[in-house]
Amino acid sequence: MNFDLHCHSNVSDGALPPAEVARRAARNGVQVWALTDHDQLGGLAEAREAAVAAGMRFIAGVEVSVTWRGSTLHVLGLRIDAQNDVLAKGLASVRGGRIERAKLMAQELKDAGIDGAFEGALRHAENPAMVSRTHFARFLAEVGAVNEMKDAFRKYLVPGKPGYVPHQWAALADAVGWIRGAGGQAVLAHPGRYDLSAAAMDALLAEFRTAGGEAIEVVTGSHSPEQYRQFGAIAAQQQFSASRGSDFHGPQEGAEFGSLPPLDPALRPVWRDWGL
Ligand code: AMP
Ligand code: MN
Ligand code: MN
Ligand code: MN
């Protein structure tokens with residue numbers, strides 16, 4: 001079966017409403033599909049209805065923003081109970097402060113010669129409270145400050161560049177605890193994207209496991225084929241389950257549904273005990 005367990009709608013930083021994301025996934029051959037908006041559960045009801053109508057199995061998901069040793073990490077929660085109160089409250093606390101951060105980001109961009117970034121980013125954000133670097137990247141591409149969105153994450157918006165404002169997200173153990181408390185499985189998202197030494201990655205994986213984390217994302221739009229092998233090997237050696245998801249955000253923005261290879265069949269998939 002074709003699993004895609006990571007993507008975004010315009011409830012967070014995706015470009016399309018949840019139902020459109022669902023139909024696009026189904027059109028591209030996805031059979032078991034999770035919506036995993038950042039720090040938000042607001043799209044799940046619409047996504048579920050559209051997914052079922054399109055003939056897919058639906059998995060309720062979320063992608064929690066975490067600060068670990070000063071780095072930003074993402075932890076996916078899969079098969080969560082979207083009604084769980086502790087999870088909802090935890091996510092609400094993580095979501096806070098994005099507007100204030102966006103104002104500071106815009107001020108830095110203004111100092112770098114780019115005006116109107118706050119209003120410009122908000123124009124791309126369906127939900128202003130969820131304004132993110134992705135919305136700034138869309139704005140920067142729109143005004144020609146960069147040729148394409150991914151360049152915005154090289155020239156701007158990253159540590160050491162204008163428009164990067166550090167933010168305190170959830171603690172790792174809290175994020176994993178909320179997910180597990182809501183009956184979900186915790187998956188470390190796109191580990192290849194983190195700028196960590198091998199020793200720090202080992203420490204992260206050890207802490208993640210202790211907190212109750214059980215899987216790492218191996219095949220994702222954020223990884224190169226070399227990284228599929230690298231993190232597949234880490235999953236196998238350290239007995240983590242493996243996950244697969246495009247991290248689709250929008251048309252012509254990174255990976256598309258149905259474009260990634262399957263997981264290596266030698267790996268234990270995160271869905272092994274889902275009874276599908
Ligand atoms: P924020 O939560 O506001 O810090 O924004 C993080 C979002 O920016 C991520 O969820 C990605 O969608 C996007 N992002 C971060 N780094 C990159 C990158 N190197 N390339 C493309 N998108 C990125
Ligand atoms: Mn995103
Ligand atoms: Mn992510
Ligand atoms: Mn994501």
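1. In this predicted model, helix α8 passes helix α9 in a right-handed crossing, where a crossing is called right-handed if the near helix is turned clockwise from the far one by less than a right angle, and left-handed if anticlockwise. Helices here are DSSP runs of H or I with at least four residues, and strands are runs of E with at least two, numbered from the N terminus.

2. The two helices, α8 (residues 172-181) and α9 (residues 198-211), pack at an angle of about 40 degrees with their axes 9 Å apart. That angle makes α8 oblique to α9, because angles under 35 degrees count as roughly parallel, over 145 as roughly antiparallel, 65 to 115 as roughly perpendicular, and the rest as oblique. The axes are lines fitted to C-alpha atoms, for helices over the stretch in contact, and the angles run from 0 to 180 degrees between N-to-C directions. On the α8 side the contact (heavy atoms within 4.5 Å) is made by L172, A173 and V176, and on the α9 side by L204, E207, F208 and A211.

3. Seven strands form an open sheet in the order β1-β2-β3-β4-β5-β6-β7, with mixed pairing, and two strands count as paired if DSSP finds at least two bridges between them. The edge strands, β1 (3-4) and β7 (241-245), each pair on one side only.

4. Within this sheet, β5 (residues 185-188) and β6 (residues 215-220) run parallel and are joined by two bridges, with V187 standing opposite A215 in β6. Strand β6 is mostly covered, since six of its six residues are buried, that is, under 20% relative accessible area, with exposed meaning over 50% and partly exposed in between (1.4 Å probe, protein chains only).

5. The manganese ion (ligand 4) is coordinated by H6 (NE2), H8 (NE2), E63 (OE) and D247 (OD), at 2.1 to 2.2 Å. Donors are N, O and S atoms within 2.8 Å of the metal (3.2 Å for Na, K and Ca), and water is not among the atoms, so sites may look incomplete. E63 in strand β3 and D247 in the segment after β7 are 184 residues apart, and this pair links distant parts of the chain; both E63 and D247 are buried.

6. On conventions, residues are numbered from 1 along each chain as its sequence is written, while chains are lettered from A and ligands numbered from 1 in the order in which they are written. Local features need pLDDT of at least 70, side-chain atom pairs count only at pLDDT 80 or more, totals for chains, interfaces and linings use all residues, and side-chain values use heavy atoms, leaving out hydrogens and water.
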